[in-house]
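User: I have a model open and want to go through it piece by piece. Can you take questions as they come?
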There are 2 protein chains.
Amino acid sequence: MKRMKKKVTIHDIARMANVSAATVSRVLSNSDYPVSQSLREKILKIAAETNYVPNLLGKQLKKNTSTTIGVVVPSIVNPFYSSVILGIEQTARQRKYTVITCNSMHDPELESEYIRMLMEKQVKGLIIASIANDGGMFKQLADMGIHVIAIDQRVDAEGISKIDFDFVKGGQMATRHLIDKGHRRIAYLTARMDRPSRRSIFRGYQEAMKEAGLEPILVEANADDDHNPLSDFDTGRALARKLLAAKVQATAVFTCNDMLAIGVINELSSRNIRVPEEISVMGFDGIDVGQMIHPPLTTIKQPDYEMGKMACTMLLNMMNNENNHQFEIILQPKLIERQSVVSRGGHSETSGR
Amino acid sequence: MKRMKKKVTIHDIARMANVSAATVSRVLSNSDYPVSQSLREKILKIAAETNYVPNLLGKQLKKNTSTTIGVVVPSIVNPFYSSVILGIEQTARQRKYTVITCNSMHDPELESEYIRMLMEKQVKGLIIASIANDGGMFKQLADMGIHVIAIDQRVDAEGISKIDFDFVKGGQMATRHLIDKGHRRIAYLTARMDRPSRRSIFRGYQEAMKEAGLEPILVEANADDDHNPLSDFDTGRALARKLLAAKVQATAVFTCNDMLAIGVINELSSRNIRVPEEISVMGFDGIDVGQMIHPPLTTIKQPDYEMGKMACTMLLNMMNNENNHQFEIILQPKLIERQSVVSRGGHSETSGR
DNA sequence: TTGTACGCGTTATCAA
DNA sequence: TTGATAACGCGTACAA
């Protein structure tokens, strides 16, 4: 085995400079404690020459702090979450923090395993897109002095700060847009509604349909494992077939996420059903891929990257200022009109004749 | 500020059990040091009741180890890298390791800033898809006793373990496939060739063209910042226009990555040039989105997820066994035939007549 | 089989 | 302005 140079510590530097370790610590950690200019320069010089790298373990053990935050998401391969994480990571870096990313893969056990590992690493802040619907864990974390922010998932747990989207409003906006375009038979295609967010989108859809006096058409998947974007894509294809088989003659479909929508478009196209001419398709998420397909996907945008930025900023503020009052931020949806939705001239049941 | 319970340590448990901290340490850290069964049970019981969570900082400071590995990639938003990271993260978890992900955004300064942060955190292992072409950093890390594995980027640095693809062979395979399909005028469209991998793919293309007696057609972009997949997509569109303007009458194009290919297809389609009937398109990467577009993209698959798994496995083995002999693994490309490439009946210059 | 004592690298307290 | 010393939580010789 290779021999490696021993790491240089403040004691080494202290010896070389004929000062105490305390003094070295004071200058190297930018303490405001007074140290004479001459000593300061001398120490700085030696530190530079010896390539001194501070050991955060010692520092953090002593001060009981941490410059690492934990992030738990279902899967980093989901482009929505990878954007969120990028937002988190970039703002963390600016404040000299570092992030540990954990993929829970929609497995509650994995999620708590990860959280335990993070606790052992003495992480003091956590951003989590939880899949456990039991809010007890959050309470427990709070008791341990961990600051946590829940994102993307409307958790039932009280007493916890969260950043969410207004899924209900998003669902309404999407549906109203389709209605405004003259559609009357509008189907909602969704992966299994085992998540609050999906139920909320559905609620928004229902409300918008109701206020327009239209009858909802729900097509729901049975299974769900979107740790893999492809599975959402496949689910979309399956749901499209299911829709066709149901013979409800929808002129527009609205899906619970973009991947699903892309699957739907793919399936319809391959059956020579033209999108949007015969069936309009509206997604939900605003991921990049939506712009790359044909036709470009009309969708509801969730500001993913911004959500990450905001979550991280709020978290670091909480951790440093001990500014501990809870908050709940609700990000607003935004309609992105592209070309997968087309207006339907008055030819349906409700049109004048 | 809320009052939080003090964290329980082995000393607390020792006091409650009327034993020494040493004994507690021995049982709670699964030492093979002998402890009587009665004491062991007593301690375990108390630990469970008090929700004891070991402090890894103390442990790692003492033993000078770390269960965190660092990963540096250009951008997690790039689906190729997010798959790699998922592979890394999942195998790390199985061995109770945790990963810190860093996005260098193709900025060498950011890259070294991150590496410094990781050093301060006493990380002992690093997987890095570097963008710095200077190999000096690797040498320096090795001297500090850090185990590092370079991936995806054929670094010039000697004395470092790496996992790469055979980009040259990938370029050949793609090109030969197009040639086998009867194409003669085959263009290579690439983002700026400032990365070894892209130059290697180009080399493979050149070799295959040469051995078939065909003349290469190179279309290269000027700028390059693919921290954002959309920019590769846009680059692809731009290159497609450039190709068309050049009036070289290519019947097939081969691109340096899938995003680019998708951009090309998009641009061609929007100009009513049919893919693959008029122009065949071949990508490189094998990312999921390739299956979601129309037509599904024929491409060269890089085993991204497997690469992450392998890199992490090798790294952990190196770290634990001190099994320090260097290695270089070259993963082999695989052709995935889908529908963006079609065979060209004998109507070109070389066909019989 | 158990306990004592020390050190990992750092910072904070107190004296000088 | 500087230094000696005691922690932080843990593991481990060494002694008992």
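User: What are the ground rules for numbering and confidence?
Analyst: Residues count from 1 along each chain as its sequence is written, and chains are lettered from A and ligands numbered from 1 in the order in which they are written. This is a predicted model, where local features need pLDDT of at least 70, side-chain atom pairs count only at pLDDT 80 or more, and totals for chains, interfaces and linings use all residues.

User: How is chain A divided into domains?
Analyst: Chain A has domain 1 (10–54), domain 2 (66–166 + 304–332) and domain 3 (167–302). The bounds come from an automatic or database domain assignment. Between the C-alpha centres of domain 1 and domain 2 of chain A there are 37 Å.

User: Which residues have the most contacts inside the largest nonpolar core?
Analyst: A:Ile127 and B:Ile127, in a core of 179 residues. Helix 12 (residues 304–321) of chain A gives the most to this core, eight residues. A nonpolar core here is a set of buried Ala, Val, Leu, Ile, Met, Phe, Trp, Tyr and Cys residues joined through C-beta atoms within 7 Å. Buried means 20 or more other C-beta atoms within 10 Å of a residue's own, exposed means 12 or fewer, and partly exposed is in between, with C-beta atoms placed from the backbone. Helices (H or I, at least four residues) and strands (E, at least two) are DSSP runs, numbered from the N terminus.

User: And what does A:Ile127 touch?
Analyst: Leaving out residues up to four places away in sequence, A:Ile127 touches A:Ile69, A:Val71, A:Ile88, A:Ile149, A:Ile151, A:Ala311, A:Cys312 and A:Leu315. Contact means C-beta atoms, placed from the backbone, within 7 Å.

User: How many residues of each chain are in the contact between A and B?
Analyst: 47 from chain A and 47 from chain B. Helix 5 of chain A gives the most to the side of chain A that touches chain B, with six residues. That side has 24 nonpolar, 15 polar and eight charged residues.

User: Helix 6 of chain B: what span does it have?
Analyst: Helix 6 (residues 108–120) of chain B reaches 19 Å from first C-alpha to last with 13 residues, close to the 18 Å expected at 1.5 Å a residue. The expected span is 1.5 Å times one less than the number of residues. B:Glu111, B:Tyr114, B:Ile115, B:Met117, B:Leu118 and B:Met119 are buried. Their cover includes strand 2 (98–103) of chain A, along with strand 1 (68–73), strand 2 (98–103) and strand 3 (125–128) of chain B. Just after the helix, B:Gln122 takes a positive phi of about 65°.

User: Is A:Tyr205 buried or exposed?
Analyst: A:Tyr205 is buried, because 27 other C-beta atoms lie within 10 Å. The residue is in helix 9 (residues 196–211) of chain A. Neighbours within four places in sequence aside, A:Tyr205 is in contact with A:Gly171, A:Thr175, A:Tyr188, A:Pro216 and A:Phe254.

User: Last one: where is B:Asp258?
Analyst: In helix 11 (residues 258–270) of chain B. B:Asp258 is buried, with 29 other C-beta atoms within 10 Å. Not counting residues up to four places away in sequence, B:Asp258 touches B:Gly283, B:Phe284, B:Asp285, B:Ile287, B:Val289, B:Gly290, B:Leu297 and B:Thr299.

Key. Two residues are in contact if their C-beta atoms, placed from the backbone, lie within 7 Å. Ala, Val, Leu, Ile, Met, Phe, Trp, Tyr, Cys and Pro count as nonpolar, Asp, Glu, Lys and Arg as charged, and the others, Gly among them, as polar.
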